[in-house]
Amino acid sequence: MNDKINTRLVSAEFVAIADAALCLANGGLVAFPTETVYGLGADATNGAAVARLYAAKGRPSFNPLIAHVFDLAAAKRLAVFDAAAEKLAAAFWPGPLTLVLKKRAGCPVADLATAGLDTIAVRVPQHPVALGLLGRLGRPIVAPSANRSGHVSPTTANHVMDDLGGRIDYVVDGGAASVGVESTIVACLDRPTLLRPGGLPRERIEAVLEGFLDDPPAGTVDPEAPMAPGMLESHYAPHARLRLDVDRVNPGEALLAFGTKLPPGTPDAVLVLNLSPGSDLVEAAANLFSDLRTLDRSDVTTIAVMPVPHEGLGEAINDRLARAAAPRDGSREG
Ligand code: TXA
Ligand code: MG
């Protein structure tokens, strides 16, 4: 990946989507918007394209990818649905929910994309550009978040250009991602288990299941554990240090605020951004990664973060903040 390639940044018009789909069909790499974050897509059935995708991201190849599909019928060609998975797909697809299921025999997704596991992560995204690409290509698209490994996920086309320009073929600009945090991941293998909190709140999933989701088994934060390698603590890693749940701002810090009751020291902050002045968790999720990128300037060594309530999308927001604040271990994921 030393030779820079010309990355085309195009707006999501019909012709551009058709051309980007053709690029995917020829083994190219296309970044595209979903409702959660921008994804970096490759034809899921093309092992060489998937290998190039890992190289472009700088991602360790043991981390399995989500296969994005056009609809439930396409998902069923890849994976085995139990009763819980059927219910969740019916309730929430298309939308910000990824299901980890048993891989179906004859599943056409390249083994490299599933890291050799006998399970597969699938989701039907709710974004016209993502669905347009899937419809044109007629095959599943594997797509991790379109950031360099160790960076926060991109919620705009410009974030993608900053991270991956010169390394991929296309960025299709469909505006800012509306949800702003990645999909919620639920494994339906035995008891339904929440592997990653995300854009669909736990409470809504539990309401449909009429029961509680299990939490990930102990050990999934272990980089060696194959169950959910993306659960590495330092998945999200800005350059600045994060100080969480602050009740005051120290001199020289930037502030990531939430709500109207700003802490003492705020006037002296280097820079202040508010996730949601009106304390709206949906708005806060949509702003999270973009605000982190803006605050993560070279002159900011520490970002002080106000407490964010834990209910609804707050679970995903607090999860991402905790990962961004975790000590670096040199084996970042993304
Ligand atoms: O919202 C999203 O999910 C975005 C958009 C682009 O769809 N995608 C995304 O992909 O966040 P990525 O690769 O950044 O995160 C996918 C997560 C990783 O943590 C990976 O380990 C986990 O899904 N995963 C994939 N397949 C898995 C499997 N078979 N078992 C357990 N975890 C799996
Ligand atoms: Mg990611």
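**Helix contact and domain interface**

Colleague: Which residues in α4 meet which residues in α7?

Modeller: On the α4 side they are Ala84, Lys87, Leu88, Ala91 and Phe92, and their partners in α7 are Arg204, Ile205, Val208 and Leu209. Please keep in mind that this is a predicted model.

Colleague: How many of the residues in that contact are nonpolar, polar or charged?

Modeller: Seven residues in the contact of α4 with α7 are nonpolar and two are charged, while no polar residue takes part.

Colleague: At what angle do the axes of the two helices cross?

Modeller: The axes of α4, residues 83-92, and α7, residues 202-209, cross at roughly 120° and come within 10 Å. The two helices are therefore oblique to each other.

Colleague: Is the crossing of α4 and α7 right-handed or left-handed?

Modeller: The crossing of these two helices is right-handed.

Colleague: Changing topic, into which domains is the chain divided?

Modeller: Domain 1 covers 8-209 and domain 2 covers 241-325.

Colleague: How many residues does the contact take from each domain?

Modeller: Domain 1 contributes 23 residues to the contact and domain 2 contributes 14 residues.

Colleague: How far apart are the C-alpha centres of the domains, and how much area do they bury?

Modeller: The C-alpha centres of domain 1 and domain 2 lie 28 Å apart. Between them the domains bury about 1,400 Å², with 56% of that area on carbon and sulfur atoms.

Colleague: Which residues in domain 1 lose the most area to domain 2?

Modeller: Those residues are Val152, Val181 and Pro197, which together account for 36% of what the domain 1 side buries.

Key: Residues numbered from 1 in each chain as written. Chains lettered and ligands numbered in written order. Predicted model: local features only at pLDDT ≥ 70, side-chain atom pairs only at ≥ 80, totals over all residues. Heavy atoms only, no water. Axes fitted to C-alpha atoms, helices over the stretch in contact; angles between N-to-C directions. Helix = DSSP H or I, 4+ residues; strand = E, 2+ residues; numbered from the N terminus. Parallel < 35°, antiparallel > 145°, perpendicular 65-115°, else oblique. Left-handed = near helix turned anticlockwise from the far one by under 90°. Contact = heavy atoms within 4.5 Å. Nonpolar A, V, L, I, M, F, W, Y, C, P; charged D, E, K, R; others polar. Domains from an automatic or database assignment. Buried area = accessible area lost by both parts, 1.4 Å probe.
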